[in-house]
Amino acid sequence: MLSIKNLEAGYGKVQVLHGISMEVPKGKVVTLIGSNGAGKTTTMRAISGMISPSAGEISLNGTRTDGMESFTIAKLGLAHSPEGRRVFATMSVTDNLILGAFPRLTGSRPKGDVQGDLERAMDLFPRLKERRTQLAGTLSGGEQQMLAMARAVMLNPEIVLLDEPSMGLAPILVEEVFRIIADLKSRGVTMLLVEQFAAAALKVADYGYVLENGRISVHGPAAQLQDDPAVKAAYLGGGH
Amino acid sequence: MEILLQLVYSGIALGMIYAVIAFGYQLTFQTSDTLNFGQGDALMLGAMVGLTLVNHGVNYWLMLPLVIVFGMLQGAFVERIGVQPAIKIKSEFGWIMSTIALGIIFKNVAENVWGRDDLKFPSPLPEAPMNLLGANVLPMEILVVFGAIAMMLGVEFFNRKTIYGKAVVATFNDRDAAKLMGINTGLVITFSYALSSATAGFAGALIAPLTLTGATMGSVLGLKAFAVAIIGGLTSGLGIIVGGIILGIAETTTGFYISTGYKDVPGLVLLLMVLALKPAGLFGKTAIKKV
Amino acid sequence: MSRNFILSLIVGFALLAAAPLYTANPYYIHMIGTIMIYAILLFGLDIVVGYTGQVSLGHAGWFGVGSYTAGVMFMKLGAPLWLIIPASVCITAGFGALLALPALRVTGPYLAMVTLAFGTIIQILINEMTFLTEGPLGIKVPKPDLFGAKLDEHGFYWLVLVLMGLSLVVVDRILRSQLGRAFEALRGSPVASDCMGVSVYRYKVYAFVISAGFAGLAGCLYAYSEQYISPNTYNFELTVLFLLAVIMGGRKTRSGALLGAAIIVILPKLLDDLEMFRQVSSTLAVLMLVGAIIGVSRKVTTVRSMAIPVVGTIALAAFSFWLQSITDWRLSIFGLMILFVVYYLQDGIVGFFRKLFSGKIARGVAYQAPSDAKDAIRVASNAHQSADGSDLIVAKGVLMQFGGLKALNDVDLVVKRGTIHGLIGPNGSGKSTMMNVLTGIYVPTAGKIEFSGNTLVGRTSSDIALSGIARTFQNVQLFGEMSALQNVQVGLHHTFDSNLFDVALNTPRYQREDGEAIERGMGLLHFVGLADLASEEARNLPYGKQRLLEIARALALDPQLLLLDEPAAGLTAPDIKELIAIIRKIRDHGITVILIEHHMDVVMTVSDSVSVLDFGQKIAEGKPAEVQANEKVIEAYLGAPAA
């Protein structure tokens, strides 16, 4: 469904990605792991259009999306739950979720049953249901992460990009987040998961790519990667 | 005492006009971190266009929505020509100078089309003062207050109840995240400029019958309204209403008790003081720097 | 000063001085005189707009204060010229300080509004305080006496010429000195400026006060030149005209100011003549069209970007034929010119031609690399008093709270003198926050931090920088438009005791300090291996070299402690090797280093000790190998092992 070939990207003079290639097949969960500074978030941003790649190809369901604006890519069915959550702080939980369905409500995507989806999202994330009228900025870190993920799902997307969902969360909440990811997986949602925490990510994913200094150093089925010493080396050094 | 109360009423009406202009500053600043230095001239154009329509026989009440439409077009024009290119090249100097330049051009055009003299704007309401709580108040002044509040409430309603309004608020909150929702933030910015000029033009048409209408009416108004916007912290709607009323009353009382030549001074001094002491405004929040 | 510059100055002056001898017509003498008077003001305005990058919308106000000081002193006190001129300068500068001190903590559009308010207030006061200024009636000011003899039109012209020349030289000296670099640094990166010991607030005030002084001088001369002053001259339109002159002529150049002054004086006269305007605008439209066609066919530019200028100039020409008189439309023409310059001629006319002919805007001067390998690194003298190994930084219980978020949660940190201390941790763990707290960018919510026994909490960034803590930044914060050497010289700002007068008069003290700064600056560049790139603009350097330049600049502060924020980010392997070598050399000179890094190899190779943060708390500390093997650290980075 999502295909990335020889992607190069960076910020101004700094080139962060030096030609990476990945595939995310429909219905699968693929994870991209690596230490900080490796380029994981840059990859996500390039895919969702927040930054423009300097070289390479990105295709969503056969349509080339590299170079497109992020709002155009969103309309094609790519939902991105960004690093740092980025919820709309002065708006209520409900409004945040409704905005997730913006393309559906304004004719850019098939409308479907927005109200129904809203209720289903609340059921999936019970904490959000309790706080549906609360302002998103007053939610805790964990709750905001739930909101960001639920908001992404409201698009009724082809694929969901989850960018470091565990960042800044206490271990208990991290467990909950990954439980929800597993639940979404069981419903057949295609996901690309970027995580700093390799262990949890590899447990829930089908396939994994390890990013080191802007290049894919190793990749394979997630179960295999879990015991691969190269993964540990990518994070803590000592592998060279 | 009666005179003081009368000055208070006039001050409140004047203050609401400041609040409406300040509201326009807030709109564009929240969505795009820019503002229109020619905002006062947008108000003036609204008044002048309104005057022309009324002089051609258009009913005052029909004229108001027409002025709003004109304002939207004018605002979109300013944004396309002056602001968008500057945002693209990330130049703060760029949009400051170009909105100033556009303001100057509009004022000059107005001078040539409508002349340099001040004109009388026929009042749609009877000019005889009414008696409210023991002092005189003009019916037009009451209309100004209601008109201003109605307009700001209207925008609030739009923001809260419609999906497009929510998209605008989302853009205030986090532009990048809004784009991820499929919201075309460039259009949102253009729209906020259109709305901002429309509200200014509307305010111009409202206040025109109360004061002299001319090409120069906008300039100092725009500057003083900025003081009001700052008091409100560029984010708080209540703040600008309070700030506007304070300023309006300060001006009418200064103009009466000291001298009309000095009536602009309280507003300007207020602006300097607020920026010197609490740049985030009395109602705003200080932002945290990120390095 | 370069030889070309001096030569052109002399020739220019000779021509200007000779002008009255060529034309007997006082009209032209007066016009050139006005151009020179405006130029004096523009030299000062350029400091604010061109160098510090702020928009001042109130300069007509300073101009007015200068004029009215002259007028009032003449009318009420009968004061002589030699008293009036310095009085005008000082009083206007005083008003400048009055505005700047309270109001200049703001920036950007806020600052523009503040200056606009002040300018408007001045105009109102001039108009209303009739007891002093005669209000709208104005003041008549005849030509002054000098040495007992009355100055006629020519005499006054030469006086203006001399004063303009002096102003030019003084402004030029100021801008080439450490003051000029400080002004440019404000615009380049305010945060880096503060952290290099150049207080943004203070230098913004200096810039304003100096420019007000020049405007005061210009205003004073203007009063004598016009022989009559009234309040409505000093309005917003005049300020806009001044701004147009600076940006159209070309900022950061003296010739640009002169050209701009000429434009705004001559243009209105041109616009009075409709026939001439029609010819000029038609020619312009044709030139634009031809230029666009050539440009598009040569693929230098696209149809889209040329569309607006072409359509605009054609419309302007058509418009001019439809009009009966152009005078009324003057302001619109000025407005259009501003729009044009802001988007298409950002460096002004002078800048445009400079770029065309030399490819570089910065005046490139070739510097010799120091002949001996003498390292220019010095540590502040009191560093040698205490032995190595003593505690340099002692932080206890540091809490940094943003709303509900605890970025740093009760962190203790001790860094020993003479060591390299690594600070690592996952994203969001608080490393950069710690660094910002140590350099005064954030004030900690609670806790105490001591540097060599003195507390850091509550002090400003520039104060902390000057007391011995220097840093680099995660996102490179160089002063892009300045050369590599100039960037380092900003770090050397603290070595200058010379003040404004030393600079203006080029005293021996200033010359000595300037020379030493160049020498030391080159030495520091040599240390990081950038000596042959000394005159390159910082923004044109490759990324790896930019990071090294930041280090050189930080070392210029003679710090006891150097904070490096992710210095290896984005560097290639050979660059990283070089970086490690440099960090070690820095430590060998006796400077303590705190290093934030994600690049584990770098941290582990070069650090003596390492602290690990997670969720704002310290979870491990010790020698690199110990930390690498620590279970808690592994868990923090990789997550808990599969349950």
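Author: L423(C) is buried, with 26 other C-beta atoms within 10 Å. The term buried requires 20 or more other C-beta atoms within 10 Å of a residue's own; with 12 or fewer the residue is exposed, in between it is partly exposed, and C-beta atoms are placed from the backbone. This is a predicted model, in which local features need pLDDT of at least 70 and side-chain atom pairs count only at pLDDT 80 or more, whereas totals for chains, interfaces and linings use all residues. Residues are numbered from 1 along each chain as its sequence is written, and chains are lettered from A and ligands numbered from 1 in the order in which they are written.

L423(C) belongs to strand β7 (residues 420–424) of chain C. Helices (H or I, at least four residues) and strands (E, at least two) are DSSP runs, numbered from the N terminus. Leaving aside neighbours within four places in sequence, the contacts of L423(C) are K431(C), M434(C), I594(C), L595(C), I596(C), S611(C) and L613(C). A contact means that two C-beta atoms, placed from the backbone, lie within 7 Å. By comparison, L83(C) is 340 residues from L423(C) in sequence and 62 Å from L423(C) in space, C-alpha to C-alpha.

I594(C) in β12(C) stands opposite L563(C). Strand β12 (residues 592–596) of chain C and β11(C) pair in the parallel sense over 5 bridges; two strands pair if DSSP finds at least two bridges between them.

Strand β11 (residues 561–565) of chain C is mostly covered, with 5 of its 5 residues buried. L561(C), L563(C) and D565(C) point one way from β11(C), while L562(C) and L564(C) point the other way. Strand β10 (residues 469–471) of chain C also runs parallel to β11(C), joined by 3 bridges, and R471(C) has L563(C) as its bridge partner.

α19 (484–491), α20 (500–505), α22 (543–555) and α23 of chain C are among what covers the buried residues of α21(C). Helix α21 (residues 508–528) of chain C has 21 residues and spans 31 Å from its first C-alpha to its last, close to the expected 30 Å. That expectation is 1.5 Å times one less than the number of residues. The buried residues of α21(C) include Y510(C), E513(C), A517(C) and R520(C). After α21(C) comes G529(C), with a positive phi near 85°. Helix α5 (residues 108–128) of chain C likewise has 21 residues and reaches 30 Å, and 15 of its 21 residues are buried.

Turning to the other chains, the contact between chains B and C takes 34 residues from chain B and 38 residues from chain C. On the side of chain B that touches chain C, two or more residues each come from α4 (92–114), α9 (217–231) and α11 (265–277) of chain B. The most come from α4(B), with 14 residues.

Chain A holds 11 helices and 10 strands. In chain A, 6 strands form an open sheet of mixed pairing, in the order β6-β7-β8-β3-β9-β10. β6 (78–81) and β10 (215–221) of chain A stand at the edges with a single partner strand each, so one side of each has no neighbour in the sheet. From one strand to the next, the twist averages 15°; axes are lines fitted to C-alpha atoms, for helices over the stretch in contact, and angles run from 0 to 180 degrees between N-to-C directions. Within this sheet, strand β3 (residues 29–33) of chain A runs parallel to strand β8 (residues 190–195) of chain A, joined by 5 bridges, and L32(A) has V194(A) as its bridge partner. Helix α1 (residues 40–48) of chain A packs on the sheet, with its direction at about 150° to that of β7(A). Helix α7 (residues 141–153) of chain A lies across β6 and β7 of chain A, at about 175° to β6(A).
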